[in-house]
Amino acid sequence: MRFVYIVILLLSPSLLFAQKIGNELKDNTTTKALKINGDSLKVTPPELIDHSDANLIDSLWVARLRASSLDNDFQYVDPDEEISDTLNSGLSTELLKERLAHLNSTTPFNVEYNSSLERLIKHYLKTRKKSLGILMGRAEYYFPMFEEHLDKYNIPLEIKYLAIVESALRPTARSRVGASGLWQFMYYTGKQFDLEVNSYVDERHDPIRATEAACKFLSQLYNTFNDWDLALAAYNSGPGNVSKAIRRSGGSRNYWNIRHNLPRETAGYLPAFYATLYLMEYADEHSIRPQKFITKRFETDTIVVKHQITFDEINKVLNTDNELLEHLNPQYKLKIIPFVKEKKYTLRLPINLIGKFVSNEEQIYAYAKEDLAKREKQLPKFQTASDKIRYRVRNGDYLGKIAKRYGVGVSQIKRWNGLRSNNLKIGQRLTIYPKNYKTTATKSTTTITKKTTPQPTPTGKYTTYTVKKGDSLWIISKKFPQVSVEQIKNWNNIWSVKSLKPGTKLKIYKS
């Protein structure tokens with residue numbers, strides 16, 4: 001596990017979900033014929049049918065959930081609204097002690113007051129208040145799922161705040177040492193808890209799979225130490241370091257008493273967790289308001305794919321964009337959802353788009369097959385990373401060089417092989433659990449879509465649209481009937497979503 005001091009990592013400006021797709025698509029299930037476009041064949045996406053009665057059921061159910069207690073925990077404010085900081089300077093030591101004592105009485109953690117924790121809390125209030133609002137917005141998407149899994153394993157629900165310390169609630173967050181995902185699993189630790197990593201998928205980025213693994217790991221650590229503070233310390237630095245700190249502290253098992261004997265990052269890890277716990281629980285008292293994120297999780301659903309399909313193909317059929325798909329499906333490294341027998345790879349979409357996908361599965365998969373067949377360059381080969389390899393030390397090798405080649409740490413190689421020093425001998429055999437060992441099967445992965453002839457910019461009347469904060473191409477396309485994401489890109493020479501900044505002027509032609 002890696003140490004993240006807290007909440008400084010943020011996503012790009014939050015995406016917002018658009019209203020329901022407007023005019024229903026025509027009842028036409030016939031896939032259009034292939035068209036010749038320059039020197040390449042272009043497969044035209046099928047026109048989709050929709051079922052208004054099923055859409056009504058979805059909308060009624062979502063409305064019921066939206067009105068439930070799941071939606072009433074947060075009172076939103078406009079992200080641009082100026083929030084008062086008047087309470088920051090009014091947090092007295094006496095008041096903080098009182099609040100920490102209350103938290104201590106309601107949680108299994110030793111949330112004890114000390115001057116360093118007070119300084120940390122006040123520092124965050126002074127410098128990270130806006131960041132905390134953004135994190136609260138993300139939390140509404142992830143926390144209901146976290147709480148469901150924590151409750152399943154009888155783990156304190158407050159541990160949901162640990163994911164803020166670990167990753168700032170970014171499912172693709174990656175540390176400098178290779179820990180990845182919401183819960184920051186190293187490759188080998190993830191494999192221990194059945195998190196698959198292959199050429200297409202990294203399940204450390206899958207919010208559900210990674211949360212399940214984190215719960216299993218935390219349960220094991222608690223069963224070892226019988227103390228949640230020590231379990232969290234071990235989650236960060238490993239059980240061995242905590243055990244050594246207990247010995248060096250004369251057998252004490254209180255985190256605050258052994259803290260000075262823990263690695264430096266772990267000594268700051270629990271205070272960061274306690275500070276986060278306090279700030280989230282007393283957000284109202286400090287006028288911290290959540291900023292709107294993307295959606296609530298219950299407004300989305302999943303479907304198990306029955307054929308390999310790319311994000312690009314989904315975008316063209318459902319008129320979505322990569323920003324939406326990458327947020328809802330962060331585990332797919334190459335923006336490709338593979339199909340493998342005896343595996344269940346899912347696609348998560350807004351409920352209204354899930355309905356369209358289910359109603360048109362055969363046509364969508366037929367389009368994906370045709371598109372794959374006509375590609376100038378085939379997609380990368382699906383390959384699962386090896387569980388382990390046996391490496392023979394060569395002349396010129398040293399631990400740092402070998403570790404870099406296989407994407408692991410020097411300390412891991414030493415631990416896997418019982419090495420007490422960095423000295424190696426030529427011919428020596430090492431056991432290594434590689435993270436990203438390169439093979440010829442996954443070498444060519446850069447370009448996965450075929451080239452298409454650029455479409456000419458239309459002439460005539462157009463509307464000028466000014467990009468607002470939180471806009472995405474998909475959101476903008478929904479505001480103009482019969483306008484697609486691809487058309488907006490072509491009309492305005494947009495090659496990267498990073499160029500879509502508030503204030504940017506876009507030309508929208510009549511389709």
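Predicted model: local features only at pLDDT ≥ 70, side-chain atom pairs only at ≥ 80, totals over all residues.
**Entry 1, helix α3.** I looked up α3 at residues 115-127 and counted 13 residues. From first C-alpha to last, α3 reaches 18 Å, close to the 18 Å expected at 1.5 Å a residue. I then listed the buried residues of α3: Leu-117, Glu-118, Leu-120, Ile-121, Tyr-124 and Leu-125. Viewed down the axis of α3, these fall within an arc of 165°, so they line one face of the helix. On the face turned away from that buried side I found the exposed residues Arg-119 and Lys-126. For the packing partners of the buried residues I noted α2 (93-106), α4 (129-152) and α11 (264-281).

I went on to α4 and its pairing with α7 (residues 207-225); their axes come within 10 Å and cross at roughly 35°. I recorded the crossing as right-handed. From α4, the residues in contact are Tyr-142, Met-145, Phe-146, His-149, Leu-150 and Lys-152. From α7, they meet Pro-207, Ile-208, Thr-211, Glu-212 and Cys-215. Sorted by class, I have seven nonpolar, two polar and two charged residues in this contact.

I located Phe-480 in the loop between α18 (473-478) and α19 (485-492). Is Phe-480 buried or exposed? Its relative accessibility is 17%, and buried means under 20%, so I count Phe-480 as buried. Leaving out residues up to four places away in sequence, I found that Phe-480 touches Thr-463, Tyr-465 and Ile-508. I also checked the spacing to Thr-463: 17 residues apart in sequence, and 9.8 Å apart in space from C-alpha to C-alpha.

How values were computed: Residues numbered from 1 in each chain as written. Heavy atoms only, no water. Helix = DSSP H or I, 4+ residues; strand = E, 2+ residues; numbered from the N terminus. Expected span 1.5 Å × (residues − 1). Buried < 20%, exposed > 50% of the residue type's maximum accessible area, 1.4 Å probe, protein only. Arc of directions from axis to C-beta. Contact = heavy atoms within 4.5 Å. Axes fitted to C-alpha atoms, helices over the stretch in contact; angles between N-to-C directions. Left-handed = near helix turned anticlockwise from the far one by under 90°. Nonpolar A, V, L, I, M, F, W, Y, C, P; charged D, E, K, R; others polar.
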